[in-house]
Amino acid sequence: MAFLDVLMLGFSEAFTPTNLFFCFLGALLGTLIGVLPGIGPTATVAILLPVTFFLPPLGALIMLAGIFYGAQYGGSTTAILVNLPGEASAVVTAIDGYQMARKGRAGAALAIAALGSFFAGTVATIGLAVAGPTLSSFALSFGPAEYVSLCIFGLLAATILAHGSVIKAIGMVCLGLVLGMVGIDVNSGSTRLTFGSTELYDGIDFVVIAVGLFGVAEIASNLEFKEARGVLQSTIGRLWPTRQEFKESWGAVLRGTGVGTILGVLPGGGATLSAFSAYSVEKKISKTPEKFGHGAIAGVAGPEAANNAGAQSSFIPLLTLGIPSNSIMAMMLGAMTIHGITPGPSVIQNQPELFWGLVASMWIGNAMLLVINLPLIGVWVRLLKVPYRLLYPAILLFCCIGVYSVNNRGFDVALVILFGVLGYVLRKAKCEAGPLLLGFVLGPLLETNLRRALLLSQGDPLVFVERPISAVLLLITAGMLLTLILPAIRKGRKEAFEASED
Amino acid sequence: MSGSSTAKRDFPDILAGGVMIGLGALGLWAGRDLQFGSAAMMGAGFLPDVICGMLIAIGAYVLIKALGKAYEPFDESNFKPLIILVVAIAGFAFMSETLGFIVSTIWLLVIGSLADQESRWREIAISTVLLTIFGALVFIYGLGVQMPILPF
């Protein structure tokens with residue numbers, strides 16, 4: 001069977017000693033930053049991006065992917081034990097997980113979180129393996145008009161599903177698009193928006209923007225005030241859940257996996273949105289909703305399964321269509337570009353070892369995480385005591401030398417300052433930097449295809465609605481925008497996000 | 001949020017609108033000499049101008065709406081860490097190519113460490129020495145980043 005053949009290919013790639021090592025390293029690093037509050041997966045991937053330049057392409061992707069899903073495991077550990085979610089996606093886990101810990105059931109909560117995550121990771125990985133080839137062979141028939149509509153759909157959907165104000169997020173997308181245009185225009189050869197600086201002829205490097213917005217700005221805002229420290233529940237308790245706890249959580253794990261797998265695929269989706277949605281699903285269908293917030297194990301199992309499933313399935317649009325759905329996927333795209341790989345439908349065809357190796361490594365990585373997390377939980381708990389003031393100088397050094405190494409010049413490091421300050425100002429203005437990054441990476445794709453489509457149609461914009469796939473995509477986008485204008489739905493969205501912030 | 005006329009205005013949104021308008025205008029100005037072209041034959045300036053225009057329009061909308069919104073102040077801010085970080089990184093950026101890794105890293109780490117109000121000199125000294133050695137071994141010797149080690 002062809003499916004088994006490619007799967008075998010994937011596992012033979014992923015099981016080479018180097019790739020196993022990178023997988024382990026990624027999972028370990030992911031857990032580490034998941035446990036440590038104050039540094040998230042987005043910043044870590046941004047900082048390590050330049051280092052991956054020195055690695056083989058598959059090894060680099062395996063490691064970066066491991067950081068992302070590893071962080072979902074690690075984030076729940078601190079959420080449960082100290083009520084301090086290491087990652088945004090673990091915020092809901094803290095609600096019931098910490099209550100369980102206070103009742104001495106921390107061990108059970110951790111075990112359910114890890115086992116649920118492993119199950120969800122496995123299912124979502126299979127989903128990726130099944131959906132990947134189907135979607136990509138569909139996408140191979142896309143012309144320039146379809147790509148334009150897909151980019152617009154992806155960018156707008158990402159802003160609507162993201163946290164906070166939609167109009168500001170659209171503004172951030174525009175800002176990202178403009179930043180993506182800096183440099184020499186490939187069509188005409190004229191330099192654009194470079195302010196006469198020859199260093200900007202090749203455009204702004206992706207790493208510079210990512211490190212500035214997510215690395216430096218994050219350190220600056222973390223240092224603004226004294227570190228918040230949670231109170232550690234000293235006893236973890238018995239790790240193995242009771243039969244009753246198993247009974248209460250397996251349904252939640254199944255539902256969370258489903259919610260996460262589907263929401264992860266959507267633009268703007270991913271781990272965080274999946275976790276929040278799974279929590280509200282569990283609360284709604286529970287026979288005892290009053291137990292939520294007081295240590296309901298379903299409130300740990302559902303979101304934990306969902307955030308891991310979402311983390312895995314958000315790779316689907318990137319690997320099949322070349323469209324990243326959130327800022328981490330944008331960085332994966334950046335990493336692929338560094339290695340000269342153009343993400344999109346042709347990857348599965350032309351470089352099957354890359355796609356299937358990554359898929360196989362995800363499953364291996366999830367299995368590794370189970371081992372890294374459960375028996376070694378004590379080590380991670382001790383790590384929580386490392387103060388941020390010892391941590392951030394190292395992060396700072398990684399940022400600077402990493403950016404320097406991209407082009408071996410100090411100019412890029414100076415540019416990071418600009419984006420660090422911009423990132424800080426945007427935080428104060430309550431603007432999300434994620435959409436900006438998406439706009440920046442999708443900008444060139446959007447512009448090339450827009451020019452091509454309009455050149456072919458001789459400037460007739462109707463080409464976008466005459467082609468069926470493109471028309472459908474634009475129709476969905478328009479529908480989403482319309483629902484935002486309708487007051488009832490806008491209110492519902494606001495309530496959903498406000499509830500999720502509690 | 002009651003009472004006086006100043007009890008309106010969403011300050012984060014005003015800042016957001018201002019930033020968008022400012023950057024959009026900057027983009028329009030920087031691309032003022034670029035050829036605009038037509039939809040069928042887009043010049044280099046077509047999309048930059050269109051997107052910058054959208055950016056300004058969105059910024060203006062956000063700004064105007066913000067003036068009528070319920071009062072919302074900025075989050076409490078402390079600019080000191082940001083300023084110290086900027087100084088630290090700027091030093092690294094300008095010294096790295098000429099003075100080399102050791103000097104610029106020590107500058108980066110010592111100045112950068114001051115950004116935390118709880119920093120202690122002993123810790124800074126130890127972590128700077130360890131990180132400088134680690135960085136030199138891993139990045140310069142290990143990964144082969146093209147940066148001189150010492151000024152001479």
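Colleague: Why is Lys69(B) called partly exposed?

Modeller: Its relative accessible area is 32%. Buried means under 20%, exposed means over 50%, and partly exposed is what lies in between, for a 1.4 Å probe and protein chains only. The value of 32% falls in between, so Lys69(B) is partly exposed.

Colleague: What kind of model is this, and how is it labelled?

Modeller: It is a predicted model, in which local features need pLDDT of at least 70 and side-chain atom pairs count only at pLDDT 80 or more, while totals for chains, interfaces and linings use all residues. Residues are numbered from 1 along each chain as its sequence is written, chains are lettered from A and ligands numbered from 1 in the order in which they are written, and side-chain values use heavy atoms, with hydrogens and water left out.

Colleague: What makes Asp13(B) and Lys69(B) a salt bridge?

Modeller: A salt bridge is a side-chain nitrogen of Lys or Arg within 4 Å of a carboxyl oxygen of Asp or Glu. The closest N and O atoms of Asp13(B) and Lys69(B) are 2.6 Å apart, so the pair meets the rule. Asp13(B) is in helix H1 of chain B and Lys69(B) in the loop between helix H2 (46-68) and H3 of chain B, so the pair ties together parts 56 residues apart in sequence. Helices here are DSSP runs (H or I, at least four residues), as are strands (E, at least two), numbered from the N terminus.

Colleague: Is Asp13(B) buried or exposed?

Modeller: Buried, at 5% relative accessibility. Salt bridges with shared partners also join Asp13(B) and Lys69(B) with Lys168(A) and Asp10(B) in one network.

Colleague: How do you know that Arg389(A) and Glu118(B) form a salt bridge?

Modeller: Their closest N and O atoms are 3.9 Å apart, which is within the limit, so the pair counts. The pair crosses between chains, from a loop of chain B between helix H3 (80-113) and helix H4 (121-142), where Glu118(B) sits, to helix H18 of chain A, which holds Arg389(A). Glu118(B) is partly exposed at 29% relative accessibility, whereas Arg389(A) is buried at 14%.

Colleague: Which other salt bridge does Arg389(A) make with chain B?

Modeller: One with Glu123(B), at 2.6 Å from N to O. Glu123(B) lies in helix H4 of chain B and Arg389(A) in helix H18 of chain A, so this pair joins two chains. The count between chain A and chain B is five salt bridges.

Colleague: What does the contact between the chains consist of?

Modeller: It takes 62 residues from chain A and 68 residues from chain B, where contact means heavy atoms within 4.5 Å. The two chains bury about 5,700 Å² between them, 78% of it on carbon and sulfur atoms. Buried area is the accessible area (1.4 Å probe) that two parts lose on being put together, summed over both. Arg389(A), Leu397(A) and Ile401(A) supply 12% of the area that chain A buries against chain B, more than any other three residues.

Colleague: Why is the phi of Leu193(A) pointed out?

Modeller: Most residues other than glycine have a negative phi. Leu193(A) is not a glycine, yet its phi is positive, about 50°. It is found in the loop between E2 and H9 of chain A and counts as buried at 5% relative accessibility. Gln458(A), also a residue other than glycine, has a positive phi near 60°. Gln458(A) is exposed at 68%.

Colleague: How do you know that the span of helix H22 of chain A is close to the expected one?

Modeller: The expected span is 1.5 Å times one less than the number of residues. H22(A) (residues 468-485) has 18 residues and reaches 26 Å from its first C-alpha to its last, close to the 26 Å expected.

Colleague: What makes its buried residues one face?

Modeller: The buried residues include Ser470(A) and Leu473(A). Seen down the axis, the buried residues of H22(A) fall within an arc of 70°, so they line one face; the arc is that of the directions from the helix axis to the C-beta atoms. Ser470(A) and Leu473(A) are also among the residues that Ser149(A) touches. Ser149(A) lies in helix H7 (residues 144-161) of chain A, and at 1% relative accessibility Ser149(A) counts as buried.

Methods: Lists of a residue's contacts leave out its neighbours within four places in sequence.
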